[in-house]
Amino acid sequence: MSRNVIIAAVSLGALGAALPLEAHHSFAAQYDANKPITLRGTISRMLWSNPHGHLYVDVKTPDGKVVTWELETAAPAGLYRRGWRREDLPVGAEVVIRGYLARDGTATANATTVTLVATGKELFAGSPGTGAPEEPPGETGATVR
Amino acid sequence: MVVTLVAAVSMASAAQAPPDFSGHWKINQAKSSAGATGNNAKVSFPSELVVAQQGGDLRVEIRYPRTDPVIAIYKLDGGEVAVPVPGVTEKAKAAWEGGRLVIAAQRVVSTPFGNFVTDTREVWSRSGDVLTIRKTQSSEGLAETETAVFEKN
């Protein structure tokens, strides 16, 4: 193996270690199934990423401040199968989201449903929630508890 | 005539006696409504319930997959009780409505960004070895109702 190849391999390894890759995690590791929340706010961004999508919603707190919540969903392919389309989620649209609070104390949650206030259309986020019995593995991108 | 009257009163009392929910119950996903279980669940239900009904109390061990069970002890006279769900505040009241038991609860999740309140109303009914729970969950003006069917283990 040439010196250049070794240097390239080491560099790629270091680069990979430094990148903030999103892990495919279990529901229980990141979210608390005992803490259901419902948020009402406006969409600021939708990130169609793998292995989870992320919806960002601006929500007013009781004291009038605006907090941007990050809501994790299933992967884009799973969302598409459930009827999600990019045009359904314009920036500024009012939505009501059900989900489960993250364990780390941040404004992050696992979304189960997203309801578009203007039309009443309800979209399933493909997240496992707390459904019983145990979820079949696969498209949710997370495992219930 | 007295015998007939006594029998009639006895039968009426028996008809009005509340059901006994005691037992170990397991959810039947196939018989439950579509939004009660699985990846598209709108309303969450436990996978198992272990119920002991005695005197004026209903002790319910609520089991979800891969998590510690919660034990709720409801007063059947409508008195308010605290349900020891970790990390949240939950208060509940249970009362009979005819042959059905209604459990109304409010759960508050406190965060640095405000409190989140979810109200639930469960209606329990029993027919033989089948326990049916119809649950309505509401928050932020949205309400969803789903039905779960449990069978005796």
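Biologist: In S5(A), which residue is the bridge partner of A:Glu70?

Modeller: The model is predicted, and local features need pLDDT of at least 70, side-chain atom pairs count only at pLDDT 80 or more, while totals for chains, interfaces and linings use all residues. Residues are numbered from 1 along each chain as its sequence is written, and chains are lettered from A and ligands numbered from 1 in the order in which they are written. Strand S3 (residues 66-72) of chain A and strand S5 (residues 108-116) of chain A run parallel, joined by 3 bridges; two strands pair if DSSP finds at least two bridges between them. The partner of A:Glu70 in S5(A) is A:Thr108.

Biologist: Read along the sequence, what pattern does chain A follow?

Modeller: Helices (H or I, at least four residues) and strands (E, at least two) are DSSP runs, numbered from the N terminus. Chain A has 3 helices and 6 strands. Their pattern along the sequence is α-α-β-β-β-α-β-β-β.

Biologist: In S6(A), which residue is the bridge partner of A:Thr115?

Modeller: S5(A) is joined by 3 bridges to strand S6 (residues 122-124) of chain A, and the two run antiparallel. They form a hairpin with 5 residues between them, where A:Gly120 in the turn has a positive phi of about 80°. In S6(A), A:Thr115 is partnered by A:Glu122.

Biologist: What percentage of the 145 residues of chain A count as buried?

Modeller: A residue is buried if 20 or more other C-beta atoms lie within 10 Å of its own, exposed if 12 or fewer, and partly exposed in between, with C-beta atoms placed from the backbone. For chain A, the buried share is 36%.

Biologist: Which strands of chain B stand at the edges of the sheet?

Modeller: The open sheet holds 10 strands in the order S4-S3-S2-S1-S10-S9-S8-S7-S6-S5 (chain B), with antiparallel pairing. Two strands have a single partner strand each, so one side of each is left without a neighbour in the sheet. These are strand S4 (70-75) and strand S5 (77-82) of chain B.

Biologist: Which residue in S10(B) does B:Thr132 stand opposite?

Modeller: Strand S9 (residues 130-139) and strand S10 (residues 142-152) of chain B pair in the antiparallel sense over 10 bridges. In S10(B), the residue opposite B:Thr132 is B:Val149.
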